[in-house]
Amino acid sequence: MILRFSAKKKKMVVAGNGLFYPILGFVSCVAFIYMSFGNLGSNVADEKKLSFVGRNGTQFMLDGKAFYINGWNSYWLMDQSVDEYRKPRVRKILQAGAKMGLTVCRTWAFNDGEYNALQISPGHFNEEVFKALDHVIVEARQQGIRLLLCLVNNLQAYGGKTQYVKWAWEEGVGLSASNDSFFFDPSIRNYFKNYVKTILTRKNTLNGIEYRNDPTIFAWELINEPRCITDASGDTLQDWIEEMSAFVKAIDKNHLLTVGLEGFYGPKSPKRLTANPEMWASRLGSDFIRNSKIPNIDFASVHIYPDHWFHDEEFHENLKFVSKWMRSHIEDGDNELNKPVMFTEYGLSNQNKDFEPSQRERFYKTILDVIYKSAKKNWSGAGALAWQFLVEGMDEYNDEFGIVPWERPSEYKMIVEQSCRLARLKGPTQQQRNLKDLCSPRK
C-alpha cells in the first residue's frame, strides 16, 4: 500500500509563551493520523476506477475489450490468512502471480465446521476467519489479481456438502443420510442460502465494501465439482443449480456466476459416448450442456484430469484426449451455449508411474496453446487456471498436482509467455498495467 502524504509549509510565529511544543505535538499527531488513515479516500477512488468483468456472448469483457484469462488455483488463501505467521504466504503467491502476468486466482470462500472454520454451524460464523477472507480480497486488489470464489465443496475437504448433511442430522431435520440430500433437502438448501447471503452481503472490515459490490471478485462459483450420483438423470442437480443461481443473482447483479462443473456430458447428451473419458462420466448426475444453459449461469466451467479419469493410458494418449476434450467444450460454448468456457482446473499428477517433470510442461503447453488458438479466433475458450500453485514450505497443502512455479524456470517462462500473447491479441486493458511492462520488448 502506498501512503500518499503531502504537507504545505506554513509560516509559524512562535511566541515566547511556550506554545511551540504543544503545537508541534498536535501537528505530529495529525500527521500520524493522516499517514495512517488518509489513504482511505484514495482507496475509495481507486475502487471506483476498477470495473467489473462482464461478458458479451462468448467473451469476457473488461474495459470494453475482450478479456482472456491466464490464472491459477490456490485454494488455501483464506486458511493461511487466519494466522499471522502464515499470512505472508498469501501476499507472496499473489505477488508472484502478478509478476507472471496472471489475472485470476481461484480460491475457497468456504470452510465448514472444521479447523479454522468460517461457518462453525449453520448461520454461525467465526469473525476472525471472515477477517482473513477480507484480507485475501484486499491483498488481491493491491496485487492486481481478481478472485474466482467458490462457495462450497462437493468433496469432504473443508466440510463440503457432507458437513451440511451432518448439521441437518444433528439438528433432527435431515431427510436422508445421503450426501446428495444436500441438493434436495429443504432445510439444507436454506442453510446454504443463508451462507450465500452472508457471504455476498459481507462488508469488508478493511475497505468497507460489501463483497457483492467489490470488482476485485471476478466471479462466484456455486460448488466445486458437483456430482449427484443418486440421481443419474441429472434432474436433482439441475433443479438445485436453477434455484441457487437465481438466489445469487437476486442478491448480486454485479458479478458473473458459474457452476463449478468438471465438464462431463450427461446421459441424454449425444457427446456422452464420443467426448466423455469413459461411460461412468455420464452417470454422475451432472450434464455440462444442460447445467451450463441455465440463464443465470454466465459462463461454463470445465476441469482437466485425464490421468485420473483413465486407467493405464499412455501419456501421449492423454495429451490427445486433452486437446479433444477442450475443443469439444469450446465448440459447445460457441454453438450450444453462447457463453465463455473456462477451464478452471487442470493438472497432471506426479504420482503417475511414468511421470517426468517435462511431461507436466508438455501438458501445460497443450492446454495453453488451445486457449490461445481459441482466443485468436474469437472462440469461446476464455481462459485456464492451473491446479495448483504454492509457495515454499507448504508441503502439508500440496498434492500430486501442486507446483512452486518459480522453481522450474522453463514452466515459469511458458506461463509468462501465455499471459503476454493473450494480452497482445486485444492489447492489455487499463487494469492490466503490469502486462504492459512485463510483455514489452526488451531493449
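These notebook entries record what I looked up in a predicted model of a protein.

**Entry 1: the whole chain**

I began with the overall composition. The protein has 443 residues, and 55% of them count as buried. Its secondary structure comes to 15 helices and 13 strands. I then looked at the contacts between residues with a separation of 6 or more, and found that 74% of these join residues 24 or more positions apart. The protein exposes about 19800 Å², of which carbon and sulfur atoms supply 54%.

**Entry 2: helices H12 and H13**

I turned next to a pair of packed helices. Two packed helices are described by the angle between their axes and by the distance between the axes. For H12, residues 315-337, and H13, residues 357-376, I noted an angle of about 20° and axes 10 Å apart. Because angles under 35 degrees count as roughly parallel, H12 is roughly parallel to H13. Their crossing is right-handed. On the H12 side I listed Phe315, Leu319, Val322, Ser323, Met326 and Ile330 as the residues making the contact. H13 contributes Gln359, Arg362, Phe363, Thr366, Ile367, Val370, Ile371 and Ser374. Sorted by class, the contact of H12 with H13 has nine nonpolar, four polar and one charged residues.

**Entry 3: helices H13 and H14**

I then examined the packing of H13 with H14. The angle here is about 0°, and the axes lie 10 Å apart. H13 and H14 are therefore roughly parallel to each other. From H13, the contact is made by Pro357, Arg360, Glu361, Tyr364, Lys365, Leu368, Asp369, Ile371, Tyr372, Ala375 and Lys376. From H14, I recorded Ser410, Glu411, Met414, Gln418, Arg421, Leu422 and Leu425. By class, the contact of H13 with H14 has nine nonpolar, two polar and seven charged residues. I noted that Ile371 is listed in the contact of H13 with H12 and also in that of H13 with H14.

**Entry 4: Gln418**

Is Gln418 buried or exposed? I found a relative accessibility of 2%, so Gln418 counts as buried, the cut-off for buried being under 20%. Which residues does Gln418 touch, leaving aside its neighbours within four places in sequence? Gln418 is in contact with Asn70, Leu368, Ile371 and Tyr372. Of these partners, Leu368, Ile371 and Tyr372 are among the H13 residues that make the contact with H14.

Key:
Residues are numbered from 1 along each chain as its sequence is written. This is a predicted model: local features need pLDDT of at least 70, side-chain atom pairs count only at pLDDT 80 or more; totals for chains, interfaces and linings use all residues. Side-chain values use heavy atoms; hydrogens and water are left out. Axes are lines fitted to C-alpha atoms, for helices over the stretch in contact, and angles run from 0 to 180 degrees between N-to-C directions. Helices (H or I, at least four residues) and strands (E, at least two) are DSSP runs, numbered from the N terminus. Angles under 35 degrees count as roughly parallel, over 145 as roughly antiparallel, 65 to 115 as roughly perpendicular and the rest as oblique. A crossing is left-handed if the near helix is turned anticlockwise from the far one by less than a right angle, and right-handed if clockwise. Contact means heavy atoms within 4.5 Å. Ala, Val, Leu, Ile, Met, Phe, Trp, Tyr, Cys and Pro count as nonpolar, Asp, Glu, Lys and Arg as charged, and the others, Gly among them, as polar. Buried means under 20% relative accessible area, exposed over 50%, partly exposed in between (1.4 Å probe, protein chains only). Accessible areas come from the Shrake-Rupley method with a 1.4 Å probe; for residues, only the protein chains shown count as cover.
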